[in-house]
Amino acid sequence: MKQVLCLFLSIIYITASQGYGQKVGLVLSGGGAKGLAHIGVIKALEENNIPIDYITGTSMGAIIGGLYAAGYSTDEMETLFKSEDFKHWSTGIIPTKYNYFFKKLDENPSFIDLSFNRKADKMQLALPTNLIPSGQMDFGFMELFSPANAVAENNFDHLFVPFRCVATDIYRGEPVIFRSGDLGSAIRASMTFPFYFKPIEIDSVLLFDGGLVNNFPVDVMLQDFHPDFIIGSVVGLKNNKPHKDDIKLQIENMMVRKTNLTVPDSIGITIKSPVEHIALLDFERLDEIEKVGYTSAMAQIKTIKSRVHRRFDLENLTRQREEYRSKSPTLKFNNIQVSGVDDSQRHYIIQSIRHKSKTFNLEELREEYFKILADDKIHTLLPSADYNKDTRLYDLQLKAEQKKPVAVGLGGYFSLSDVNQGYIGFDYRMFNNLPITIQSNIHVGKFYSSFMAGTRFNFTSKQPLSLEIYFIKNRTDYFSGSTQLFFENKQSHYIIRNDDNVQLNISFPAKTISKWEVGIDFLNQADDYYQTFDYTKNDTPDRTTFTAGNAHLRFELKAFNKKQYPTEGKMFRFESSYIFGTEKENPGSINLSNSRYSMKHDYLNMELSYERYFKTFKWLTVGLAANSNFSNMGFFHNYTSSILASQSFSPTINSTIRYFDYLRSNNFIAGGVKAIIPVSPSAHLRFEGYYFQPFKEIMNGVNHTPFYTDKLFTAKAYLGSGGIVIQTPLGPASLLLNYYSGSDPKYYLQVSFGYLLYNRGKK
C-alpha cells in the first residue's frame, strides 16, 4: 500500500512539474522594425494555447513585450503599429492639428540649425544628438503604459504578465535592468537607439538602447523568473556588412554588441525570424514582417508542444486581459510638477499649459503639451504620469530641457537659373518670466537680398499674447532673376524694388493652429523701372517711392506638414488693412515727362486666402486653393507704378520670382487644384493648375496712363506647374515645368534644391 501511494504521489508531482506547474518565459530580441515579427510569434503561441508567464525584452522587444505585459492583445498591437499615431511617434512628426501656430516664429529657408551654449565664458557648438524628435514618442509611451503602471503600482511583477527590459548605462557600458518604476520611461530607455533617438536620464543615469550590451536577455529571464522553459524570439540574426556609403548600417554595426542570440536547447527553444532585409525603421511593412514571425513560430510549434505540456484557454485569457485592463484608471490629471529648469522657467511652463479647470483629461493635456513643444525656448519635455490613490487622479511629471540660447540657421535656395539664395539666421533666446527671442537674418542673392532684425516678447498672462518689433530691408531684382534654363526670356522687365519696413505687431492665439494679429507697419518703398523695353545700360530708370503706414488686422490659420510643397494640412488667411501715404515719382532719362510728381493715397485693402489638402485615395491627395483681393486703391501716376502697387497672384514657388503684369490687380479672384501622387515616403509627383480672374484689367494708355477696361471679367489667365518633388532631410529638391498663359515664353523649367522663402514685407 505504501509503494502504491508513493507511486501515485510521484505521478502527481511529475504531472504538476511538466504540466500545470510548468512556467514559460518569452524572451524578445531587439531589432527595430524587424521586431514586429514578435507579434506574429506571440499570435502563433496564443493560437496553440502555449502559455506566456514571463516576458523579458530589449529595444523593440521591450516595446512588444511591454505592450503584452500591459494587457494589449496582438490585434491591438497591429492596430497601433498601423495607426497614424505610431507613424508620428516613429518619425517625430507632430500632427498638423497640434502645431501651435501662435508660438511659431516666421518660417525661414534654413535647412540646418546649429546651437551654441556658453561654457567657461566660451561659446561652444552643441551638435545634434538625435535625428528623430522625441516629443511624440515620449507622450505616446506615457499614454500607452501609464494605466497599466497604475494597476501594477510601479512593480513590473504585478503587470498582466511579469516583465523586465534592458537599457544601457552609456557611461559605464553596463546593462540596467528595469524591474520597477515608470513602465513607459523604462521601455523608452530600452529602445533609444543612438543618433536616432534622444537618450533619457533616469535616476541621474544617461540611458541608451539595451541592445548595445544585451540584445537578447535570456540571462535576465533566468535570473529573475527561473522559468521551466524559455521561448526565444530572435530577429536580425546578424548585422549585414555595411557599405562605405551606408551610414545607418555603419552605426548599427558599431553600436550593437555581438550577443548570443540562442536559447540553450536544455532550457528552451529559439525561434529565428529571417528578416535581415528589413531596415531599422521599415515599420510600414508590418504585415510582411509579422507574417515571417508567425511562419517561423508555426514551423517549430510541434517541438514546442512536445516540451511545453501546460495549456491555457484562449477565451479565458482574453477575459482575464479585459478584467485587468478594466482596472486601469482613466488618464485624468490634477497636478503638474516640472523639473530640469529654474523657478522662473518652471513658472513659465506651468502658466503656458494652465488648464481651465482643476482637472484635465488626456486630450486637453495633449494640446497643451504640444503647445509647449512649439515654443522656441523648449527643447524636450519628457512626461510621466504618477497615479495618486488618494485623489484617484494622476500627477503629471514634466522633465524639461531648454534649448541652447544661441542658434544659427544655414540654408537657401539653389537652382540652374540665376535665382540662387544664401541664408544665415541668428536667434538669441532669453528664457525667464518674460521670454524674449532676438532675431536677425541675411538673405543674399542676385534676385532677392534682405536684412532683418527684431525681437519678440511672449507674455504668459491669462490671455497669452506676443509683442513683435521688426526692422526689415528687402531688395528684389526681377531683371537679374529672369535668366532661364533652355527657354529664352524675350521680355526681361527691368524692375528693382527696395523697401524698408518697421513693424510693430501684437498677436494672440485664436485656437491651436490659428492666431489674431493687429499691428502697424511703416514702410518706405522705392521702385526703379523702365516703362519700355527700349533702354540701354547708360539710361537711368524711373523711380516711384511710396512712404506709407499700414494698419492691419489679420486672422491666420496654418498647419502644413512641410514648409514648402506640403502634402497635408490647411491654411486660411484674412487680412484687412488701411494704407495711407505719399507717392513720389522721379522720371528717368527716357521718360518723356521731366517733371516730378507727388500724390497722397489712402485706401482699404482686404485679402482672403485658402488652401487645404484631402487624401482621397492611398495613391492620391487633392489640394484646393483660393485667393482673392479687394481694394478701393486708386491708380498711381503711371501704368507700371500702378501695377507694382497692386496685389500679385503668385501661388507657386516659381511664380514668386516672376514679374507678370497680367497676374496683378487691385481686385481679383483666383483658385486652383493640386494633384499629389506619392512615389515613395519622401518623393511625390505634383501637378498644380490655377485660374486668375481680375474684376477689371488695368490697361496701359497714352503716355503710360493707367485705366480700367469698361467691362467686368474680360481678362483671365492660367498658370500651372508639374513634376517631381523629393523631400530630403535638408530640404526639398524639385524638377518642375511651369506654364504661364500670358508669358513669352510660356514655359519655365525649374531645377532646384532648398527653400525659397522671404522675409516679411517682400511683395
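Over which residues does pLDDT stay under 50? The answer is residues 1-19, for which the model has eight contacts beyond four places in sequence, a contact being heavy atoms within 4.5 Å.

## What kind of model this is

This is a predicted model, in which local features need pLDDT of at least 70 and side-chain atom pairs count only at pLDDT 80 or more, while totals for chains, interfaces and linings use all residues. Residues are numbered from 1 along each chain as its sequence is written, and side-chain values use heavy atoms, with hydrogens and water left out.

As for pLDDT, that's the predictor's confidence in each residue, from 0 to 100. The protein's mean is 88, with 91% of its residues at 70 or more. Besides the stretch at residues 1-19, there's residues 485-490, where the pLDDT is also below 50. That stretch has 16 contacts in the model beyond near neighbours in sequence. Where pLDDT is low, the predicted coordinates should not be read in detail.

## The overall picture

Take the C-alpha atoms along the principal axes and they fill a box of roughly 135 × 55 × 50 Å. Inside it are 15 helices and 34 strands; helices (H or I, at least four residues) and strands (E, at least two) are DSSP runs, numbered from the N terminus.

Of the 763 residues, 53% count as buried. Buried here means under 20% relative accessible area, exposed means over 50%, and partly exposed is in between (1.4 Å probe, protein chains only). Among contacts with a separation of 6 or more, 67% come from residues 24 or more positions apart.

## Two nonpolar cores

A nonpolar core is a set of buried Ala, Val, Leu, Ile, Met, Phe, Trp, Tyr and Cys residues joined through side-chain atoms within 4.5 Å. The largest one has 72 residues, and the members touching the most others are L45, L67, F81, L159, F163, I231 and I304.

L67 is worth a click: leaving aside residues up to four places away in sequence, L67 touches Y72, M77, L80, F81, L144 and F145. There's also a second, separate core of 27 residues, with A150, L373, A385 and L398 among them.

Two strands pair if DSSP finds at least two bridges between them. β13 runs antiparallel to β14 (residues 393-402), and ten bridges join the two; T380, for instance, has E401 in β14 as its bridge partner.

β24 (residues 597-617) and β25 (residues 620-631) pair antiparallel over twelve bridges, and a hairpin of two residues joins them. In this pairing, N605 stands opposite S631 in β25. β25 also pairs antiparallel with β28 (residues 668-680), over nine bridges, and there V622 sits opposite A675.

## Salt bridges

Side chains of opposite charge can pair when their charged atoms come close. The structure holds 35 salt bridges, each a side-chain nitrogen of Lys or Arg within 4 Å of a carboxyl oxygen of Asp or Glu. One of them joins R310 and D53 (2.7 Å, N to O). R310 is in the loop between α11 (301-307) and α12 (314-326) and D53 in the loop between α2 (37-47) and β2 (54-58), so the pair ties together parts 257 residues apart in sequence. Both R310 and D53 are buried.

D527 and R497 form another, with the closest N and O atoms 2.6 Å apart. D527 is in β21 (residues 514-529) and R497 in β20 (residues 495-511), 30 residues apart. D527 is buried at 4% relative accessible area, and R497 is buried at 3%.

Then there's E607 with R573, at 3.2 Å between the closest N and O atoms. Salt bridges that share partners join E517, R554, R573, E575 and E607 into one network.
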